[in-house]
Amino acid sequence: MTQTHTTSQTRLERGKAALAAIDGEAGENVIASLAGIAPDFATYLLEFPFGDIYSRPDLSLRDREIATIAALCAMGTARPQLEVHIAAGLNVGLTRVEITEILMQMSVYAGFPAALNGIAAAKTVFARREDQGI
């Protein structure tokens, strides 16, 4: 995906394109899960993080996922989102070894419990992908 803001695309269109490129089916599932309870929130999610931030040109999607995985791991309260972004990291070119190293790095700054929980999330994502033949 080319990360640029074009005048011909709306924020929503950019967001949908970015979400598809980064998260694939997992992202679509998040948006679909909001349809019955908070459809406006789904639009905000598409427009701001994906249409405005992820679509900026100065960091690659790979770099953005490194930052996102680290932040979600450090938070320690966002396992579903961490799993989505671990999968997204794989989708945009991170390796399992690199993701594991990112999570281990968090032990220094976020503590061993956060890193252990992050590694457990990665193990779940890696196993899920193996089961799917990915």
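Student: In this predicted model, which helices do the buried residues of H2 pack against?

Tutor: Helix H2 spans residues 25-34, and its buried residues are Gly27, Ile31 and Leu34. The partners that these buried residues of H2 pack against are helix H1 (11-22) and helix H3 (39-53).

Student: Why are the buried residues of H2 placed on the same side of the helix?

Tutor: The residues concerned are Gly27, Ile31 and Leu34. They are on the same side of H2 because the arc they cover around the axis is only 60 degrees.

Student: Which exposed residues does the face of H2 turned away from its buried side carry?

Tutor: Exposed residues have a relative accessible area over 50%. On the face of H2 turned away from the buried side, these are Glu25, Ala32 and Ser33.

Student: Is Glu83 buried or exposed?

Tutor: Glu83 belongs to helix H5, residues 79-91. Leaving aside residues up to four places away in sequence, Glu83 touches Ala121, Thr124, Val125 and Arg128. Its relative accessible area is 14%, and a residue under 20% counts as buried. Glu83 is therefore buried.

Student: How are the rings of Phe50 and Tyr54 arranged?

Tutor: The count of aromatic pairs comes to one. The ring centres of Phe50 and Tyr54 are 4.8 Å apart and the planes lie at 10 degrees. Planes under 30 degrees apart count as stacked, so the pair of Phe50 and Tyr54 is stacked.

Student: What is the relative accessible area of Phe50, and what is that of Tyr54?

Tutor: Phe50 is buried, and Tyr54 is buried as well. The value for Phe50 is 5%, and the value for Tyr54 is 7%.

Technical notes:
Residues numbered from 1 in each chain as written. Predicted model: local features only at pLDDT ≥ 70, side-chain atom pairs only at ≥ 80, totals over all residues. Heavy atoms only, no water. Helix = DSSP H or I, 4+ residues; strand = E, 2+ residues; numbered from the N terminus. Buried < 20%, exposed > 50% of the residue type's maximum accessible area, 1.4 Å probe, protein only. Contact = heavy atoms within 4.5 Å. Phe/Tyr/Trp six-rings, centres within 6.5 Å; stacked < 30°, edge-to-face > 60°. Arc of directions from axis to C-beta.
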